[in-house]
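User: Could you walk me through this one? I have a few quick questions about how it is put together.
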Amino acid sequence: MNYGLIILTIVILIISGALIWKLARKKKELAMPTAAPVPPLPTPVLPPKKSWRERLTLGMALSRKEVWGKIENIFGRGELNDEAMEELEAILYGADLGTQLVAEMLKELRQQVSSKNNTLETFKAYFYEKLKSRMISVQANVSEELFLVNKKSKPTVTIMVVGVNGVGKTTTIGKLATRLSRQGAKVVVGACDTFRAAAVDQLEIWCQRAGAQMVRAKEGASPSGVGYESLKIAMAEKADYCILDTAGRLHTKGNLMEELKKSKEVLAKLDPTAPHHILLVLDAITGQNALRQAQEFHKTLGITGLIFTKCDGSSKAGSAVGIVQELKVPITYIGVGEDVEDLDRFTVEDYLSSLLNYVPTKPTSN
Ligand SMILES: Nc1nc2c(ncn2[C@@H]2O[C@H](COP(=O)(O)OP(=O)(O)OP(=O)(O)O)[C@@H](O)[C@H]2O)c(=O)[nH]1
Ligand SMILES: [Mg+2]
């Protein structure tokens with residue numbers, strides 16, 4: 001037997017087997033579809049920026065639904081019998097509009113019901129006009145310089161922001177400083193809440209974003225001293241606005257009102273007309289109880305304006321009507337969320353339209 005021939009045959013067989021296998025693999029690869037090109041990631045479509053009216057309408061949704069939506073249902077049922085009127089009474093009292101106003105409205109509504117002029121639109125127009133009449137004369141006293149730098153009447157407009165703890169003072173000042181800075185105003189913010197270092201840091205973040213200068217003191221420093229220092233710096237730097245963030249509580253057992261009074265009075269040493277505005281922040285969630293807070297602050301400090309915050313988290317945004325009526329102090333700004341854009345000028349018409357889901361067809365009396 002020729003072993004050489006056998007080995008040669010085996011080698012030839014192995015080589016040709018490997019060649020056939022390689023060819024078959026290549027053929028298979030060619031037959032395989034090539035991977036489809038990866039499509040580029042779609043550019044994220046950002047939701048369109050909401051207008052203030054949209055934010056306000058959205059923010060007032062809870063009050064609209066919980067109060068005015070239920071009232072609409074009652075009227076929508078047709079006959080306004082005693083049972084319906086009782087239901088209406090309970091809802092109106094629960095809306096924290098103020099007992100006197102509600103009693104008056106119920107009396108007038110009963111008369112309206114008996115006059116058979118009972119369309120839903122008629123009632124909505126009634127509520128709109130009634131609530132508007134309670135606010136409009138007080139609201140006319142709002143100072144324009146709180147909104148527009150070009151309406152400024154003093155070289156440095158000094159604004160003290162006060163209120164019990166947690167109502168939204170610091171957040172509101174951050175939003176306000178942003179609004180004014182965007183108009184080109186130079187804003188100095190005084191961190192007079194020396195109670196917590198975290199509160200000052202929170203304010204600093206807002207000021208950095210707003211491009212406003214912040215004056216801070218050591219933790220535990222006297223709040224009135226920080227206020228004084230802030231105004232001094234603001235005046236020296238010819239700032240358009242000096243906004244003072246105050247504490248809602250004190251680190252000592254001292255009286256908050258007394259400390260705020262001192263903070264207010266010390267400013268007059270630098271500018272006898274300062275502070276030009278003392279704005280009290282009220283949390284809508286507090287409802288009519290906010291009125292008691294407001295009366296106390298007003299008695300000691302002489303509040304010149306209110307800022308109504310957290311309307312988005314409350315069904316009691318209607319309480320603004322009673323508070324303005326009782327206190328005779330206008331609401332300057334309204335807050336409907338935590339975003340910088342969630343604060344804007346309070347106007348009776350926009351507020352009532354959002355609250356009642358009603359827009360008068362013809363201009364109403366002022
Ligand atoms: N939903 C909602 N939250 C708000 C609004 N305004 C403020 N807040 C929130 O309320 C909380 C308290 O706000 P702050 O600005 O710290 O309140 P403050 O009055 O400065 O509180 P103190 O400094 O502790 O007295 C924060 O979580 C804010 O984001 C608003 O209009 N709507
Ligand atoms: Mg604060």
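Analyst: Gladly, and one term is needed before we start: two strands count as paired if DSSP finds at least two bridges between them. In this predicted model, strand β1 (residues 157-162) and strand β5 (residues 277-283) are joined by four bridges and run parallel.

User: And which residue in β5 does M160 stand opposite?
Analyst: M160 stands opposite I278.

User: What's the strand order of the open sheet?
Analyst: The order is β3-β2-β4-β1-β5-β6-β7-β8, an open sheet of eight strands with mixed pairing. β3 (213-215) and β8 (343-345) are the edge strands, each pairing on one side only, and neighbouring strands are turned by 25 degrees against each other on average, direction ignored.

User: Which strands does helix α8 touch?
Analyst: Helix α8 (residues 197-210) packs on the sheet and touches β2 (187-191), β3 and β4 (241-245), while its direction makes about 175 degrees with that of β2.

User: Switching to helices, how do α6 and α12 pack?
Analyst: Helix α6 (residues 120-139) and helix α12 (residues 319-327) pack at an angle of about 45 degrees with their axes 9 Å apart, and the two are therefore oblique to each other. The crossing of α6 past α12 is left-handed; L131, R134, M135 and V138 of α6 meet V321, V324 and Q325 of α12, which divide into five nonpolar, one polar and one charged residue.

User: Last one: what surrounds ligand 1?
Analyst: Ligand 1 is surrounded by 20 residues, of which N165, G168, T171, G248 and G335 are the closest. By class, three are nonpolar, eleven polar and six charged, and helix α7 (residues 169-182) contributes the largest share, three residues.

Methods. Residues numbered from 1 in each chain as written. Chains lettered and ligands numbered in written order. Predicted model: local features only at pLDDT ≥ 70, side-chain atom pairs only at ≥ 80, totals over all residues. Near = placed C-beta within 6 Å. Nonpolar A, V, L, I, M, F, W, Y, C, P; charged D, E, K, R; others polar. Axes fitted to C-alpha atoms, helices over the stretch in contact; angles between N-to-C directions. Parallel < 35°, antiparallel > 145°, perpendicular 65-115°, else oblique. Left-handed = near helix turned anticlockwise from the far one by under 90°. Contact = placed C-beta atoms within 7 Å.
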